[in-house]
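Please read the following walk through one protein chain with the structure open beside the text.

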Amino acid sequence: MEDGNTKGSDIFKNIRMGVGTWAWGDRLYWGYGREYHDDDLKNAFLVSVQGGIRFFDTAEVYGQGQSESLLGNFLREFDGEFVVASKFMPFPWRLRKSSLLRALRKSLGRLGLEQLDLYQTHMPIPPITVEAWMDAMAEAYQAGLIRAVGVCNYNREQLHRAYESLARQGVPLASCQVEYSLLNREIEQNGIKQTCEELGISIIAYSPLAQGLLSGKYTPEQPPRGIRGRQKNRNYLEQIKPLITEMRRIGADNAGKPPVQVALNWLIARGAIPIPGAKNEEQALQNSETLAWSLSEEEIMKLDHVSAQLIRSDSKK
Ligand SMILES: NC(=O)c1ccc[n+]([C@@H]2O[C@H](COP(=O)([O-])OP(=O)(O)OC[C@H]3O[C@@H](n4cnc5c(N)ncnc54)[C@H](OP(=O)(O)O)[C@@H]3O)[C@@H](O)[C@H]2O)c1
């Protein structure tokens, strides 16, 4: 069911990268209020904008609304064009389509916007069907409350159902947000990448730095603190060393670029839009400078090879 009117969306025209704001207001997982504060986030926002980033991704559940409120405050103080994306969480107790419209209005209120550029379902959660939520999305689109519709974490079948359900109402499916990085290339195997390319759906890559691991700053001796440290054990940090070494080598060959820029440039070369999280000015600056250079074909192939070897050896365990 492909149709010229429903294929793709122009909201990502000229957008190669964004900023993810899960950590903005999130205490439990990311340590907001302890390791970094509102001033750090405001500086991260300003530096990103100065670096040419216009796309910001948030969600109603990040910091229980605080991420949207902080982003809204920063946007209000800044004159310019932005692409703002948020997400609806289809909690199992949300049983009516009207709950999406209600949640959307609350998100718009926190963001201080009349229209959202992209509204996404955060993940597929039963019992409400993909089709029912896409009907509600189409209603929001037709009411002018959103400029485009996206989905996150859908499998191939759900992605097709969302696309077709929206297409029946003349609404394009603009994006599919999924985990994608040099340490997680599942979408290349499970058909999501191919489906997106065929249907003209933009791929938004979340956790593009594997939650900080691809910065190279964490080692078996110095794992991340908190929940992340428990998830990613020391063996895993040992295993990824060959990839980090290759990223450092490629960075060094490109006038000393840091591993994060190698990781983000690899995703851009693979046709995805990465949305790295940034907690402070320094991280935001380093991430936004990714846009100033690109990898050669040879470097992309080398990274493909080293990361594929790692992923293969990981899956054998
Ligand atoms: N749709 C979904 O289900 C879903 C799920 C997850 C994420 N997301 C979205 O994707 C965004 C990004 O994903 P993510 O936050 O999970 O992971 P990420 O972008 O891979 O990693 C972000 C973390 O890496 C570290 N970092 C960032 N830039 C750095 C730099 N230049 N140098 C060193 N360390 C750096 C920071 O943490 P430390 O300094 O503490 O290491 C930062 O919080 C989220 O903010 C959110 O918008 C969506």
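Predicted model: local features only at pLDDT ≥ 70, side-chain atom pairs only at ≥ 80, totals over all residues.

**A walk through the model**

In α10, the residues Met247, Arg248, Ile250 and Gly251 meet Pro259, Val262 and Ala263 of α11. Sorted by class, the contact of α10 with α11 has five nonpolar residues, one polar and one charged. Two packed helices are described by the angle between their axes and the distance between the axes. Here helix α10 covers residues 241-253 and helix α11 covers residues 259-269, and they pack at an angle of about 95° with their axes 8 Å apart. Angles of 65 to 115 degrees count as roughly perpendicular, so α10 is roughly perpendicular to α11.

Charged side chains come next. How many salt bridges does the structure hold? There are 17 salt bridges. One of them joins Lys97 to Asp135, with the closest N and O atoms 3.9 Å apart. This pair links distant parts of the chain, as its two residues are 38 residues apart. Lys97 lies in the loop between β3 (83-88) and α3 (98-111), while Asp135 belongs to helix α4, residues 130-142.

The structure holds one cavity of 30 Å³ or more, and the largest cavity has a volume of about 40 Å³. Which residues line the largest cavity? They are Met17, Gly18, Val19, Ser48, Ile53, Pro276, Ala278, Ala284, Asn287 and Ser288. Two elements, β1 (18-20) and α12 (281-288), each supply at least two residues of this lining. The most comes from α12, which gives three residues. By class, the lining of the largest cavity has six nonpolar and four polar residues, and no charged ones.

A pocket, unlike a cavity, is an open set of points. The second largest pocket has a volume of about 320 Å³. Its lining is made of 17 residues, and the closest to the pocket centre are Lys13, Asn14, Ile15, Arg54 and Val83. Charged residues do occur here: the lining of the second largest pocket divides into eight nonpolar, two polar and seven charged residues.

Two details of the backbone remain. Most residues other than glycine have a negative phi, and most peptide bonds are trans. Against that background, which peptide bond is cis? The bond from Pro126 to Pro127 is cis, with omega near 15°. Gln64 is found in the loop between β2 (55-57) and α2 (66-76).

Key:
Residues numbered from 1 in each chain as written. Heavy atoms only, no water. 1 Å grid on protein atoms, 1.4 Å probe; cavity = no way out; pocket = protein on both sides within 12 Å on 5 of 7 lines; lining within 4 Å. Points joined across faces, edges and corners; volume = space filled by probe spheres on them. Nonpolar A, V, L, I, M, F, W, Y, C, P; charged D, E, K, R; others polar. Axes fitted to C-alpha atoms, helices over the stretch in contact; angles between N-to-C directions. Helix = DSSP H or I, 4+ residues; strand = E, 2+ residues; numbered from the N terminus. Parallel < 35°, antiparallel > 145°, perpendicular 65-115°, else oblique. Contact = heavy atoms within 4.5 Å. Salt bridge = Lys/Arg side-chain N within 4 Å of Asp/Glu carboxyl O.
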